[in-house]
Amino acid sequence: MALVDFRFKPGIDKQDTTVGAEQRWVDSDNVRFRYGLPEKVGGWASLVTNTIVGVARREFAFVDLDGNRYVAIGTDKFLLIYFEGQLYDITPLKATLSSATIATTDGSAVCDITTGSPHNLSSGDIVLLDNVTLPGGTGFTDADFEDKLFQVTGITSSTVFTVTQSSNATATVSTGGSIDVKPYEQVGPAEQSYGYGWGIDTWGSGNWGEAASASDVSLEPGLWSLSNFGQVLIATIANGKTFTWNSGDAARLTTRASTTTSGFETTNNPTASRITLISPTTRHLIHLGTETTIGDPTTQDDMFVRFSDQENINLYTPTAVNTAGSQRLQDGTKIIGSLKAKETILIWTDNALYTMKFVGSPFTFGFEQVGTNCGLIGKNAAVEIDGVAFWMSPKGFFMFDGTVKSLPCSVEDFVFDQADTTKGQQIYAGLNNLYTEVVWYYPSQGSSYNDQYVIFNYGEQVENGVWYTGTEARTTWIDATIYPNPIATKFDSTASGSFPTVVGESGLGQTTLFEHEVGTDQVNPDGSTTTVTSFIKSFDFDLNIQGSAGEVFLAMRRFLPDFKDLQGNAKVTLAIKRFPQDSETVTTLSPFTITSSTQKKDTRARGRFCNVKIENDSTSESWRFGTLRLDLQPDGRR
């Protein structure tokens with residue numbers, strides 16, 4: 001029988017069965033579609049030799065007036081700057097606890113630090129110790145503590161906490177010496193969870209001291225809002241304060257973000273806001289889900305919007321001669337996220353979408369509800385390109401181009417059955433504009449952190465959209481705008497980061513900063529290379545002869561590989577089954593190794609249904625697949 005061409009439509013179809021998804025691919029990892037053809041994604045390489053302590057939750061790239069490029073990185077513990085191949089710690093500090101004392105125990109690395117007033121610390125917090133004078137006989141030197149970061153390893157009382165040194169004390173010394181404790185601003189938990197007990201909900205079901213049920217209270221992870229006011233970074237801790245960092249300062253890389261940055265103070269800003277951003281063109285600093293009484297966090301209203309005077313990020317009291325003001329939204333229980341879309345600001349609640357536009361005096365901004373039952377699943381789960389927004393909702397995928405539209409999705413059931421939507425605030429959406437891709441990284445059921453992704457390719461046109469899935473997850477992503485390639489972060493909860501250096505660090509995990517679309521493999525911080533494996537798998541096709549789909553067995557004698565591009569080797573695996581619900585059996589000679597000089601491969605296979613899998617499993621390999629050509633013939637009915 002003559003060779004038969006199998007041409008597959010772009011995208012993955014997981015809504016149908018593997019037999020019913022005709023002319024479609026049904027599974028993939030580290031594969032994208034370009035001009036209708038599947039190909040392995042580009043590789044990625046670490047930008048620095050260090051790894052970051054903790055999990056990154058937000059990235060933001062910007063430039064100063066001299067054209068210097070920066071990436072601000074907000075983690076669950078730190079605010080960092082990436083600049084010219086190096087990382088710098090600019091995390092804001094809380095008020096100093098002066099003249100604390102220290103106690104040691106012979107043979108133990110645990111040290112008790114006593115403060116003169118309540119420290120308001122929690123286990124896992126980071127503190128900077130300064131002006132250290134130790135009592136005699138501890139076995140430690142002042143330099144072991146001076147100007148070093150420590151992780152708080154325990155809380156003994158409201159005025160006593162513990163840190164763990166890297167070696168043991170040689171004597172038991174009661175409280176003495178003098179240390180200035182400079183706590184880092186608290187950001188939040190590493191992961192989103194549900195909480196119980198007094199620290200979460202003091203009333204429970206109505207009785208004092210009862211634990212709240214799992215469905216009552218969500219502990220959101222530590223999140224940041226990052227934007228720029230010219231060359232000044234605006235950084236807000238979710239449900240916390242707003243800080244600034246001036247990249248124009250000569251000593252910028254040794255200066256921390258603060259509320260008192262000269263010329264860009266935020267001392268009059270709200271002290272509890274869910275989100276902040278700078279409005280396009282008019283340059284108002286907008287606080288979303290913020291305080292109705294500035295400076296009183298107990299008045300935080302999750303649906304309240306407040307904006308500063310134009311060009312003045314520290315003036316919020318409305319007067320007849322300024323443009324400060326406020327507005328409360330109605331549809332929803334809390335504001336989830338916000339984006340700038342050209343001259344419009346998009347604001348999502350947990351149920352609706354609003355637009356916020358500059359209209360001039362006397363109202364400054366006008367608000368309009370443009371969608372309902374389309375709320376955002378997490379703060380970072382939306383992206384914008386050329387005025388069009390794409391986002392993930394608990395109810396599916398949506399876009400807004402002037403009108404809210406539901407996105408048909410050929411992998412929707414798979415994603416929402418698999419995703420842990422109770423961790424929606426960890427979901428991160430990214431844009432890879434070069435390949436017309438919107439990607440959502442999300443945690444699957446049973447996973448604490450992002451471990452899966454789903455991509456919508458808005459440049460490819462196929463019914464139900466071009467969607468594909470995979471497992472190489474990231475916690476943050478920024479597109480190639482200021483930098484030539486996308487930059488993203490990968491988190492490993494089982495490893496330890498190296499920057500900043502934290503004495504006694506335990507259980508904070510490790511984030512790696514990667515530049516994407518570089519080469520074919522993963523280049524690690526130590527310079528070693530890890531293979532980026534990839535695969536794509538087709539639907540189960542049958543020998544459709546005389547309208548008897550699936551009734552006639554097929555015999556396969558050979559196939560002709562057709563790769564548009566091939567670096568190194570690729571592997572082709574053929575699998576067969578007798579009935580749609582059977583487990584597949586890999587054919588006798590599979591997998592077949594394909595090189596750029598391979599003309600054909602002989603195979604022996606017999607069954608009603610067959611599928612093909614294209615993959616690579618070694619370094620320096622990349623491929624782009626074309627058309628599958630098989631030598632098939634009828635081979636009986638059983």
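At 37% relative accessibility, D617 counts as partly exposed, where buried denotes under 20% relative accessible area, exposed over 50%, and partly exposed the range in between (1.4 Å probe, protein chains only). The model is a predicted one, in which local features need pLDDT of at least 70 and side-chain atom pairs count only at pLDDT 80 or more, whereas totals for chains, interfaces and linings use all residues. Residues are numbered from 1 along each chain as its sequence is written, and side-chain values use heavy atoms, with hydrogens and water left out.

The side chain of D617 meets that of K571 in a salt bridge, with an N to O distance of 2.8 Å; the term denotes a side-chain nitrogen of Lys or Arg within 4 Å of a carboxyl oxygen of Asp or Glu. D617 lies in the loop between β52 (609-616) and β53 (622-625) and K571 in strand β48 (residues 570-577), so the pair ties together parts that are 46 residues apart in sequence. Helices (H or I, at least four residues) and strands (E, at least two) are DSSP runs, numbered from the N terminus.

In total, 23 salt bridges are present in the structure. One of them joins the side chains of E191 and K423, at 3.9 Å from N to O. Because E191 belongs to the loop between β16 (173-183) and β17 (193-194) and K423 to the loop between α1 (412-418) and β34 (428-432), this pair ties together parts that are 232 residues apart in sequence. E191 is partly exposed, with a relative accessible area of 23%, whereas K423 is buried at 11% relative accessibility.

A further salt bridge is formed by K490 and E472, whose closest N and O atoms are 3.0 Å apart. This pair links distant parts of the chain, with K490 in strand β39 (residues 487-492) and E472 in the loop between β37 (466-470) and β38 (476-478), 18 residues apart. K490 is partly exposed, at a relative accessible area of 27%. The side chains of E472 and K490 also make a polar contact of 3.0 Å, and another polar contact of 3.0 Å joins the side chain of E472 to that of R474. A polar contact is a pair of N or O atoms within 3.5 Å; within protein, one must be able to donate a hydrogen and the other to accept it, and residues adjacent in sequence count only if both atoms are side-chain atoms. With neighbours within four places in sequence left aside, E472 is in contact (heavy atoms within 4.5 Å) with D29, N30, W44, Y441, Y453, K490 and Q522.

R32, E437 and E517 are linked in a network of salt bridges. E517 is found in the loop between β41 (510-516) and β42 (522-523) and is buried, at 18% relative accessibility. The phi of E517 is near 60 degrees, a positive value in a residue other than glycine. A positive phi also occurs at S99, near 55 degrees. S99 is located in strand β11 (residues 97-104) and is exposed, with a relative accessibility of 51%.

Cis peptide bonds were also identified. One joins S361 and P362, with omega about 5 degrees; P362 is situated in the loop between β28 (352-360) and β29 (364-372). The peptide bond from F499 to P500 is likewise cis, with omega near -10 degrees, and P500 is placed in the loop between β39 and β40 (502-503). Most residues other than glycine have a negative phi, and most peptide bonds are trans.

An open sheet of three strands has the order β19-β20-β21 with antiparallel pairing, two strands being paired if DSSP finds at least two bridges between them. β19 (224-229) and β21 (242-246) stand at the edges with a single partner strand each, so one side of each is left without a neighbour in the sheet. The twist averages 20 degrees from one strand to the next, with axes taken as lines fitted to C-alpha atoms (for helices over the stretch in contact) and angles running from 0 to 180 degrees between N-to-C directions. Strand β20 (residues 232-237) is joined to the antiparallel β21 by five bridges, and I234 stands opposite T244 in β21.

The largest nonpolar core comprises 78 residues, of which F390, W391, F397 and W440 touch the most other members. Such a core is a set of buried Ala, Val, Leu, Ile, Met, Phe, Trp, Tyr and Cys residues joined through side-chain atoms within 4.5 Å.
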